[in-house]
Amino acid sequence: MTTTTATIEADPTLPIIRTTRDFDATPAQLMRAHLDPEVYAQWVGPNDVTTVLDVWEARTGGSWRMRNIRGGEEYRFHGSFHDVTEDRIVQTFTWDAMPENVSLETLWFEDLGNGRTRLHAQSLVDSFEARDGWLESGMEVGVNDGYAKLDALLTAGEV
């Protein structure tokens, strides 16, 4: 499977969203892209938002808080890093406008060889309704726009 867009799938039996995407990058490059605040803020989210990281403690037990700014609107998110290892990130993700819908996210990287890596992400929420709400929110646009920006940073040698 070589993809330039993410495969986003809803699990039929659990309130989980699974995302898979291949990159021309090493696992170490992708880990850095997800943990380095200067790099992360450049690529995460839809093309029409600016991301500001107010807190970014990318370590086991750390927390994070960010804002997405679109025109005069601001969207705030926060969470905590539960486990950060050399090949896996486990964190929570909460949109401040819907604090009851906390997602537990696990991200890991599969080395495909020849400088290619498959990113795997799993987002677990507390109900099928919440999961479907995430899917209907436009998350696919944000995921694919963000990963396209990450591709550009990788191609430019900035990660």
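Biologist: Leaving aside neighbours within four places in sequence, with which residues is S123 in contact?

Modeller: The model is predicted, and local features are accordingly reported only at pLDDT of at least 70 and side-chain atom pairs only at pLDDT 80 or more, whereas totals for chains, interfaces and linings use all residues. Residues are numbered from 1 along each chain as its sequence is written, and side-chain values use heavy atoms, with hydrogens and water left out.

Once neighbours within four places in sequence are set aside, S123 is in contact with P15, I16, I17, S103, L104 and E105; contact means heavy atoms within 4.5 Å. S123 belongs to strand β8. Helices (H or I, at least four residues) and strands (E, at least two) are DSSP runs, numbered from the N terminus. With a relative accessible area of 14%, S123 is buried, where buried means under 20%, exposed over 50%, and partly exposed in between (1.4 Å probe, protein chains only). Its side chain makes a polar contact of 3.4 Å with the side chain of E105. Such a contact is a pair of N or O atoms within 3.5 Å; within protein, one must be able to donate a hydrogen and the other to accept it, and residues adjacent in sequence count only if both atoms are side-chain atoms.

Strand β8 also holds R118. R118 counts as buried because its relative accessibility is 13%, and a polar contact of 2.7 Å joins its side chain to that of D22.

Strand β8, spanning 116-124, is among the elements against which the buried residues of α4 pack; the others are β1 (7-10), β2 (16-23), α1 (27-35), α2 (37-43) and α3 (128-136). In α4 the buried residues are M139, G142, V143, N144, D145, G146, Y147, L150, L153 and L154. Beyond four places in sequence, Y147 touches A6, R21, F23, H34, W43 and L119.

Y147 is also among the residues with the most contacts inside the largest nonpolar core, together with F23, W43 and L150. That core has 35 residues; a nonpolar core is a set of buried Ala, Val, Leu, Ile, Met, Phe, Trp, Tyr and Cys residues joined through side-chain atoms within 4.5 Å. Helix α4 (residues 139-155) contributes the largest share of this core, six residues. In soluble globular proteins, nonpolar side chains tend to be buried together.

The geometry of α4 agrees with expectation: at 1.5 Å a residue its 17 residues should span 24 Å, and its end C-alpha atoms are 24 Å apart. The expected span is 1.5 Å times one less than the number of residues. After α4 comes G157, whose phi is positive, near 75°.

Elsewhere, F77 lies in strand β5 (residues 73-84) and is buried, with a relative accessible area of 12%. Apart from neighbours within four places, F77 is in contact with W64, R65, M66, N68, F93, T94, W95 and D96.

As to the whole, the protein comprises four helices and eight strands, in the order β-β-α-α-β-β-β-β-β-β-α-α. Buried residues account for 44% of its 159 residues. The C-alpha trace spans about 40 × 35 × 30 Å along its principal axes.
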